[in-house]
Structures are given as C-alpha cells and as structure tokens.
Amino acid sequence: MAAPRVAVVGAGVIGLSTALCIMETFPSCSLTVLSDQFSPNTTSDVAAGMLIPHTYPGTPIPVQKEWFKETFTYLFAISNSAEASEAGIHLVSGWQVFKNTPKEELPFWSDIVLGFRPMSEAELQKFPQHRFGQAFTTLKCDCPPYLLWLEKRLKATGIQMYTRKVVDLWDLQSEYNIIVNCAGIGAHQLVGDEKLFPVRGQVLKVHAPWVKNFIRDGDGLTYIYPGIHKVTLGGTREKENWNLSPDPGSTKDIFDRCCSLEPSLRRAQDIEVKVGLRPSRQCVRVQKELLSQGGVKLPVVHNYGHGAGGFSVHRGTAKEAARLVGECIAILQGSSSRAKL
C-alpha cells in the first residue's frame, strides 16, 4: 500500500511528542499535525514543566513508572547535549516539604530522579511550618522553548502542520488512514468523553533570578519552580472550572503562599498571570479504537487525559501511542495485501 497517512490532532506537548515518536518509529508514513492552537497558545505553554509525577488512580503504578522513566531518560539526554538551552531543559535541585509525614515516604519515582533522600534537620529549619521533607534533583522543561524545539524537529522531517479546528474525527476520514487524538481537554467534546474534566490551574510567572531551588509543598498546591528566565509560582486546582480569565483573588493567594515558603519572593518583579485547563481523568487514555460508520472503518489512537502530570510522562505515553499506531498500520497493510489477492 502507499505510505499510510496519519493525522495527529493537537499540538500541545502530548500531540507534538506523539507525532515525533511516530515519525521516529515509522519514518515512511505521511504525517500531519492539525490543531486550532499552536505554541504559545496551548495549555502546555502555561504548565511549569517540572518532572515530578502526579499519580493517576486508574493507571497501574508500574505503567506510570515506566512512562516517567522513559520521559526522564529522554529529557536527561537532551539536558546533557548542546541543544539543552534551545530546548529549555535543565536540571534543578530542591525540596518537597510536608506538614505531616506522608504515608508513603518513598514515592514510586524516587529511584528515577537524582539523589533522592530525606531532608536533614538543618534543611528543614528553612521551613518552620513543615515537619518532613525530601530533597532531590529533577528536570524542568521551560515549556514554550520546548514546544518550539519539538516543532522544529518535526518540520525538519517534513511533517506538515496546519491550523485547523477539528470538530468531528469523521471529517478527516477521506484524507487520512489513521487519526491520533491528542486533543487534551478538547477531547471532552471531540470524542464525547464524560470521564474527562478540566482542573483549572492559575500560575504566576515572575522575575526572581536569585531563586535557584524548587520548593514544592507536599499537597501539590503551592510550588516555586525556577526556570531559565522566569520562576513559576503556583497554583490552583479547581475541578470542573472552565474559566480562562485570571482571578485577582487567586493571584494574591498564590503569591502570599509562595512568599511564606520563600520570603525573598516579595521582591519579585514583572508578575505575569497565566491560566490553563488541565485535561484530567482517573487514568490517562492511551488506547486504540476502531470507529465504524455505514460500513466504513476509521482507526483512532487516543493519547489524552494527563491532567497535572503531562510533562512528567509525555515521552512515555507518546511511545505507547506510537506503538498502537504501528498496530493500526499493520492491520491496514494486511487488509490492503488481502485486497490485492
């Protein structure tokens, strides 16, 4: 058969990295990325891009660990290359602190990040409100540069990218053999996924170049993540809230909470407010589905629903989705060779 025509819907970190994995694994296929938004206007552009996994209750822990390991290994190699600065990827050390000792003192990802250990008494003195903490080094992606770097890699392999709002996957059936759905929160309408819901996140991006270490409250709500140019302060987790307008009350609350962890932030300049809708569900949906309508079949691979943890597992789920695309290609090639017979 002719080269299979594959369309990836969505151009956030999940869509772009899935497209890249498909291209690396199946270079002979013809690949197009379709999205109504590209960087800097995606949900991924708002994300802090820290590699600290968020646990998905509906996904087995060994699977989540494999996804995280795959992602960490991939980004660590980039951070160790001449492309690190352009890709916006760097190592950052810091602390995760808890008001009470967590049930799980060793999270499932503790042997993947670097130098994971309990904090010393001396370190804990920096956080008088907290009784327990963990110190480690992990990776951070500065999101807009990383998305642009992924786009550049894709364009170098000849992939087409078009601004197009896809409202029905069947609209693509005449042009493409396989559809890969990486629509994020857009999958709520696109495929009618009632298990998918937004978790509104508001963050501040500030200029505070003296802040070198990340600090994350164990509840995951308050965090300080230093990037190459800006420090991300967060945040909010508002389930089922679709509002993309910044809330001044939340801005003040986030700033005060972060200053209580790192008082020097009171001097931070150029405060910019960003809002994104995390596409959340009990488990990430990475699966293939054969849609059927009037005797016509359309193979679809889904890869969405990463919630707050997309950057931590993006490369792992992209590889899994690319493997499923491979299964779809094999079925298409099988049916095309049978048709010739």
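This is a predicted model: local features need pLDDT of at least 70, side-chain atom pairs count only at pLDDT 80 or more; totals for chains, interfaces and linings use all residues.
The UniProt record, in an unreviewed entry, places the feature "binding site" at Thr43, Ser44 and Val166.

**Thr43**
- Thr43 is found in the loop that runs between strand S2, residues 30–35, and helix H2, residues 61–79.
- The relative accessible area of Thr43 is 37%, and because this value falls between the 20% and 50% cut-offs, the residue counts as partly exposed.
- When residues up to four places away in sequence are set aside, Thr43 touches Gly276 and Leu277.

**Val166**
- Val166, which the UniProt record also lists under "binding site", lies in the loop between strand S6, residues 160–163, and strand S7, residues 178–181.
- With a relative accessibility of 13%, Val166 counts as buried, because buried means under 20% relative accessible area.
- Leaving out residues up to four places away in sequence, Val166 touches Val9, Leu34, Leu172 and Leu190.

**The second largest pocket**
- The second largest pocket of the model has a volume of about 340 Å³, and 17 residues line this pocket.
- Of these lining residues, the closest to the centre of the pocket are Thr55, Gln96, Glu104, Arg216 and Gly218.
- Sorted by residue class, the lining of the second largest pocket divides into 7 nonpolar, 6 polar and 4 charged residues.

Terms used
Residues are numbered from 1 along each chain as its sequence is written. Side-chain values use heavy atoms; hydrogens and water are left out. On a 1 Å grid over the protein atoms alone, a cavity is a set of points where a 1.4 Å probe fits but cannot get out, and a pocket is an open set with protein on both sides within 12 Å along at least five of seven lines; lining residues have an atom within 4 Å of a point. Grid points are joined across faces, edges and corners, and a volume is the space filled by probe spheres set on the points. Ala, Val, Leu, Ile, Met, Phe, Trp, Tyr, Cys and Pro count as nonpolar, Asp, Glu, Lys and Arg as charged, and the others, Gly among them, as polar. UniProt positions are given in the numbering used here, feature names are shortened, and annotations may be inferred rather than shown by experiment. Helices (H or I, at least four residues) and strands (E, at least two) are DSSP runs, numbered from the N terminus. Buried means under 20% relative accessible area, exposed over 50%, partly exposed in between (1.4 Å probe, protein chains only). Contact means heavy atoms within 4.5 Å.
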